[in-house]
Amino acid sequence: MLVKNQIYEAVVTDYTAEGQGVAHVEGCAVFLPNAIAGERVHLRIEKVQKTWAAGKIVEILEKSPHRCSRECPVAKLCGGCDFWHMDYEEETRLKAERVKTCLNRLGGENLTEVPILAAPDCRGYRNKAQYPVAAKKGRAYAGFFRAGTHDVVENRRCLILPEESDAVKDAVIDYVNQFRVSVYDEATHKGLLRHIYVRRGAVSKQILVCLVCNGEKLPKVDALLSRLQKIPGFTTLVLSVNTKKGNAVLGDKFVTLYGPGYIEDTLCGLNFRLSPRSFYQVNHHQAQRLYETAIEKAGITKNDTVLDLYCGVGTITLAMASAAGKVIGVEVIPQAVEDAWDNAKRNGIENAEFFCGDAGQAALELEKNGVRPDVVVVDPPRKGLNADTIEALSRMSPRRIVYVSCDPATLARDVALLKERGYRLTSTAAADLFPRCAHVETVCLLSKLKSTQHIEVELDMDELDLTDAEKKATYQEIKDYVLEHSGLKVSNLYIAQVKKKCGIIERENYNKPKSEDAKQPQCPPDKEKAIKEALKHFGMI
Ligand code: SAH
């Protein structure tokens, strides 16, 4: 048993998902902030739990060649970044390794290497900032939360943000201090200004400033505007009303105080409208590479229908539109869906449709209405796909699923679930959209196994050699009848499944649907009904 406050010697072997080093001492995993794999250290145990312990490095006995001095002066205190103590080579190595380990351990894969799209620039890449505001002795300041707390660490110049973003923060803080605008205090739930939110178009250079307030009115807006207007690119000022307790940054109500209330930016050659609530990847250059990779993996052709689940403002949907016959986006936030429609219009894209709702429920609904996409793209939040989405994917049975993920662990879980439903992981790439921070994006291609196709080919052959029980109608006749009378297209497999249910004996090794085989798609109820009607019509049941 490890003893708190005692010093131990250990070698750092691995990293946690949050980017902390892991060393093993007396069989127990010890998590060490700011440690690098390969380093031999003296560590002090700070907390002991049943299966793990938390420690701190007291001395580095053997330094990693990847260790470097922190360029960011507040890196040790600020909870924003994780990796200023190591070089970028080690950071990208550990990110690719994390994706590989998750897919192998949780996804049942056996990958030897996962490539990573490394970022060409670790500085100034973030096009969105949310600075919490605090006050001490009557002076307001802004920065970022210290890791695991809501203590605001003042950050005068954040290296991963563009200078313009910090200039907005400084202008707002200057205004707050001059006009004694009150600052929100979580403990008392009093005070006005909570967060300064800044979004800047990487290409357009337009700036949206959104002040999150515990109230509906800001004093002296003119004085604030005259400060903001000195910053190149300043386009619009929005007030977000958030009077609720809790961690959510933005409130539900938005009041535009100046300008259009949104900005524009160009991504993958398209023009996008961005409101404060719309999701838009923070690293423009790397997001573009991620989307290009996703489009390449999707292998879309002109006749394809593409379904983009969790589509945000339609970035991936619209970037795929020109290659596809039709694209459909699904997104839960109404404002983002509005933006997505507007984005289609402003780019003259006419083969795109958007639906507002939960991805899983909407996909099940689309499936019920006969939508059968050839390619489905999913880009869910960290919790990954829900059961409805997995079920809808399984029923729609697209040729390809392109999975864009921001959490390798839930990605790997979902890959395992999709493999049970007849898919195979055919290619994987990690992408670094958050240099200096522990998050990593992944894009995977899952392809439908050929097994059902294989069975259908056999079924077609079998039609030439019908057994007595089946003489009444061929598969094609049943298909034609169903299409004519219900407008539904049904596969040989579905017909075989319904026949089996109705007790029509199929020849061994041929048509027999392996209904116990979870990899096969199962005939949905509406089609089953239509097939039964056809079987009745032909006097087979
Ligand atoms: N593909 C987009 C957005 C990805 S972020 C892009 O790259 O720009 C994930 C998106 O999923 C967010 O826009 C979020 O609002 C949305 N979302 C979260 N939960 C959802 C759900 N249950 N159903 C549909 N969309 C959801």
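Helices (H or I, at least four residues) and strands (E, at least two) are DSSP runs, numbered from the N terminus. The structure is a predicted model, in which local features need pLDDT of at least 70 and side-chain atom pairs count only at pLDDT 80 or more, while totals for chains, interfaces and linings use all residues. Residues are numbered from 1 along each chain as its sequence is written, and side-chain values use heavy atoms, with hydrogens and water left out.

**Figure 1. Ser397 in the loop between helix H8 and strand E20.** The loop that holds Ser397 lies between H8 (387-396) and E20 (400-405). Ser397 is not a glycine, yet its phi is positive, at about 55°. Most residues other than glycine have a negative phi. With a relative accessible area of 17%, Ser397 is buried (buried means under 20% relative accessible area, exposed over 50%, partly exposed in between; 1.4 Å probe, protein chains only).

**Figure 2. Asn34 in the loop between strands E3 and E4.** Strand E3 covers 28-32 and strand E4 covers 40-48, with Asn34 in the loop between them. Asn34, a residue other than glycine, has a positive phi near 60°. Its relative accessibility is 27%, so Asn34 counts as partly exposed.

**Figure 3. Packing of helix H2 with helix H3.** Two packed helices are described by the angle between their axes and the distance between the axes. The axes of H2 (residues 163-178) and H3 (residues 221-228) come within 9 Å and cross at roughly 150° (axes are lines fitted to C-alpha atoms, for helices over the stretch in contact, and angles run from 0 to 180 degrees between N-to-C directions). H2 and H3 are therefore roughly antiparallel (angles under 35 degrees count as roughly parallel, over 145 as roughly antiparallel, 65 to 115 as roughly perpendicular and the rest as oblique). Val168, Ala171, Val172, Asp174, Tyr175 and Gln178 of H2 meet Leu224, Arg227 and Leu228 of H3 (contact means heavy atoms within 4.5 Å).

**Figure 4. Packing of helix H11 with helix H12.** H11 (residues 475-486) and H12 (residues 492-501) pack at about 95°, their axes being 10 Å apart. This angle makes H11 roughly perpendicular to H12. Tyr475, Ile478 and Lys479 of H11 form the contact with Asn492, Ile495, Ala496 and Lys499 of H12.

**Figure 5. Residues 452-470, a stretch with pLDDT under 50.** pLDDT is the predictor's confidence in each residue, from 0 to 100. Residues 452-470 have 38 contacts beyond four places in sequence in the model. For the protein chain, the mean pLDDT is 92, and 93% of residues reach 70 or more.
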